[in-house]
Amino acid sequence: MRLKESEAVLLSLFLQIGLLAAPTMAGPVVCTTTLEAPDPQADGAAPVQLTRCEPVERTSEFLERRYSTWNAPFDSGVNVLHQVTDLLGIAVGGTDGTRFMGFGFPDQTVIWDGTVMRNSIDALMEAQSPPIPWRSTDIPSGLDGSLTQRNAPARPVVEVAPAQPLW
């Protein structure tokens, strides 16, 4: 089926308006590529290369976003709206200070923000720590002999087997 020129222009206009109205996001992206098994019914099929891309958030942006969960940042939290909501015990937070969060006086929202930050830092520490800790032999202290001797006796070299996990 062939579109007339006027229909094609109209369709193009609708697509452009739709694309302009759709929210977009720009930022860092991490892509991973894996080889997936081919379809078992296909004869002689090669593995399929599959690439997945996911947006990532910098640590500073993550902490800034999480810090302003319950309370508004100072610059956007000093106005008549926030003075009235603080007086009535209504928590208005978010990075722009306009999101209704629930009922809580300022001292309670500070506690909530502190809890959010503690949980965020715990999650970041967990993500940055290796799942299996490194284990090695102790370094000799050098204080296991006399301090008055000029030449310390040579210590025999001991072969140590690799450390075994505790589980």
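Angles over 145 degrees between the N-to-C directions of two axes count as roughly antiparallel, and the exercises below apply this cut-off to a predicted model.

**Exercise 1.** Work out how helix H2 and helix H4 are oriented relative to each other, and which residues bring them into contact.

*Solution.* Two packed helices are described by the angle between their axes and the distance between the axes. For helix H2 (residues 59-67) and helix H4 (residues 106-128), the angle is about 155° and the axes lie 9 Å apart. The cut-off for roughly antiparallel is over 145 degrees, and H2 and H4 are therefore roughly antiparallel to each other. As a next step, consider the handedness: the crossing in which H2 passes H4 is right-handed. On the side of H2, the contact is made by Thr 59, Phe 62, Leu 63, Arg 66 and Tyr 67, while H4 contributes Asp 113, Val 116, Met 117, Ser 120, Ile 121 and Leu 124. Sorted by class, this contact of H2 with H4 comprises 7 nonpolar, 2 polar and 2 charged residues.

**Exercise 2.** Locate the disulfide of the structure, and determine its handedness and the exposure of its two cysteines.

*Solution.* The structure holds 1 disulfide, which is formed by Cys 31 and Cys 53, with their sulfur atoms 2.0 Å apart. This pair links distant parts of the chain, since Cys 31 belongs to strand E1 (residues 29-36) and Cys 53 to strand E2 (residues 48-55), 22 residues apart. The torsion about the S-S bond is about 110°, so the disulfide is right-handed. Finally, a relative accessible area of 42% makes Cys 31 partly exposed, and Cys 53, at 45%, is likewise partly exposed.

Definitions and conventions:
Residues are numbered from 1 along each chain as its sequence is written. This is a predicted model: local features need pLDDT of at least 70, side-chain atom pairs count only at pLDDT 80 or more; totals for chains, interfaces and linings use all residues. Side-chain values use heavy atoms; hydrogens and water are left out. Axes are lines fitted to C-alpha atoms, for helices over the stretch in contact, and angles run from 0 to 180 degrees between N-to-C directions. Helices (H or I, at least four residues) and strands (E, at least two) are DSSP runs, numbered from the N terminus. Angles under 35 degrees count as roughly parallel, over 145 as roughly antiparallel, 65 to 115 as roughly perpendicular and the rest as oblique. A crossing is left-handed if the near helix is turned anticlockwise from the far one by less than a right angle, and right-handed if clockwise. Contact means heavy atoms within 4.5 Å. Ala, Val, Leu, Ile, Met, Phe, Trp, Tyr, Cys and Pro count as nonpolar, Asp, Glu, Lys and Arg as charged, and the others, Gly among them, as polar. A disulfide is a pair of cysteine sulfur atoms within 2.5 Å. Buried means under 20% relative accessible area, exposed over 50%, partly exposed in between (1.4 Å probe, protein chains only).
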